[in-house]
Amino acid sequence: MFIDPACLQAFVSDIFVAAGSAREEAGEIAEHLVVSNLKGHDSHGVGLIPAYLLHLRQGAVFPNRKPKLVSDLGAIVVHDGDSGYGQPIANAVFAMVGERALTTGVVVSALRNVQHVGRIGAYGEQLAKKGLLSIHFVNAVYAQACVAPFRGSDARLMTNPICIVAPIGPDRPPIVLDFATSAIALGKVRVAMNKGVEAPPDTLVDHKGQATRDPRQLFVDPRGAILPFGLHKGWGLALVAEMFGGALAGGGTQASPDKPKGLVNGLFSIVIDQKRVIGDGGYFADVAELIDYVKASPAADPAAPVLVPGEPERAIAAERAAGLPIDETTWREIVAAAQSAGVAAPAI
Ligand code: NAD
């Protein structure tokens, strides 16, 4: 099933307006979700709508909230998301932080107590449009953890993403390195279960810590877990994301016995005006030379050439511009969620 992205975005926006959001907020949520699908990250796209509306009904997320400035020390800025929808809150925070970084050269930003912010690269891309480089460590606190520590056998953390976005010149798109620290995104395990297929090897363990490819192990008790990516290295990054995104940003960690409702993200970000570091000199030229150099490595498989982070998403977005593929289960769930808010689905 394929759907026109503009038509889908309008439908999603109508759903959130019907659920109590102002049109502008609904538009920001809808744009973020549809762009995630366009970029190939369906786990962070419109399939999240039923969960967002469930969190609304549970009193975990509140429409039309604005970020609260907790402290402002010039180059250190702390915001509280006030349990608002993640995308509009984070958009507003990074608009402010970006302007500040253009003045101070660098900003350390903490954002706590915000509901699911979605694809972290979106905020790095927003900053890159201003010429800013950014590094983000993100944790998530949820009732049920899903990622086991390296050498562990039960889930202790969520999929804690790390993201680095770097503009590399006016004529080239930015480098967008943006991934979960788990071997596979939770949404992708759910998709495998819905499709009745196995998860990729070396991504899951059962409740005894033994390797499994059965995605159902993650959703039935006693639950298994997702492994961190890259053995001890990915595990170390997952832990640091929890420390910085949770404890340093001040929203708390998955270890807390009192879990907040819904899915709460914490973002610890460093935003740098690269011109202040290197001037208008040769950085862009050096990076262009580097990227051309690494991409010239002969592909082991001619059908799969060397790419740099951000390229796969741009390629998928170009393919999907004419029509976003949506599987039937996801579409049925979205239509049911829309109906619960009193919105009829468009014909597709
Ligand atoms: P992924 O495993 O698809 O990895 C994506 C990253 O790898 C991108 O930077 C991409 O450009 C790069 N990449 C992919 N193939 C490449 C190649 N051949 N060469 C070079 N680079 C390549 O991503 P994921 O772990 O499934 O995460 C998906 C999204 O989920 C991210 O946007 C992340 O921010 C988001 N996420 C959010 C939360 C949250 O709590 N808000 C939690 C987890 C993940």
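Phe 284 is partly exposed, at a relative accessible area of 33%. The model it belongs to is a predicted one. The protein chain contains 11 helices and 12 strands. Its radius of gyration is 20 Å, close to the 20 Å that the globule rule gives for 348 residues, so the chain is as compact as a globular protein of that length.

**Overall form**
- Along the principal axes, the C-alpha atoms of the protein chain fill a box of roughly 55 × 50 × 45 Å.
- Of the 348 residues, 45% are buried.
- Contacts between residues at least 6 apart in sequence join residues at least 24 apart in 67% of cases.

**Surface and charge**
- The protein chain has an accessible surface of about 16,100 Å², and carbon and sulfur atoms account for 59% of that area.
- There are 30 positive and 34 negative side chains, with the centres of the two sets 5 Å apart.

**Aromatic pairs**
- The protein chain has nine aromatic pairs.
- One of them is edge-to-face: Phe 179 and Phe 229 lie 5.3 Å centre to centre, with 70° between the planes.
- This pair links distant parts of the chain, as Phe 179 sits in strand E7 (residues 175–180) and Phe 229 in the loop between strand E10 (225–226) and helix H7 (231–248), 50 residues apart.
- Phe 179 is partly exposed at 31% relative accessibility, and Phe 229 is partly exposed at 26%.
- Tyr 283 and Phe 284 form a tilted pair, because their ring centres are 5.7 Å apart and their planes stand at 45°.
- Tyr 283 is partly exposed, with a relative accessible area of 25%.
- Phe 16, Tyr 52 and Tyr 85 are linked into a cluster by ring pairs.

How values were computed: Residues numbered from 1 in each chain as written. Predicted model: local features only at pLDDT ≥ 70, side-chain atom pairs only at ≥ 80, totals over all residues. Heavy atoms only, no water. Helix = DSSP H or I, 4+ residues; strand = E, 2+ residues; numbered from the N terminus. Rg over C-alpha atoms; globule rule 2.2 N^0.38 Å. Buried < 20%, exposed > 50% of the residue type's maximum accessible area, 1.4 Å probe, protein only. Contact = heavy atoms within 4.5 Å. Areas by Shrake-Rupley, 256 points an atom, 1.4 Å probe, with all protein chains shown as cover. Lys, Arg positive; Asp, Glu negative; His and termini not counted. Charge placed at Lys NZ, Arg CZ, Asp CG, Glu CD. Phe/Tyr/Trp six-rings, centres within 6.5 Å; stacked < 30°, edge-to-face > 60°.
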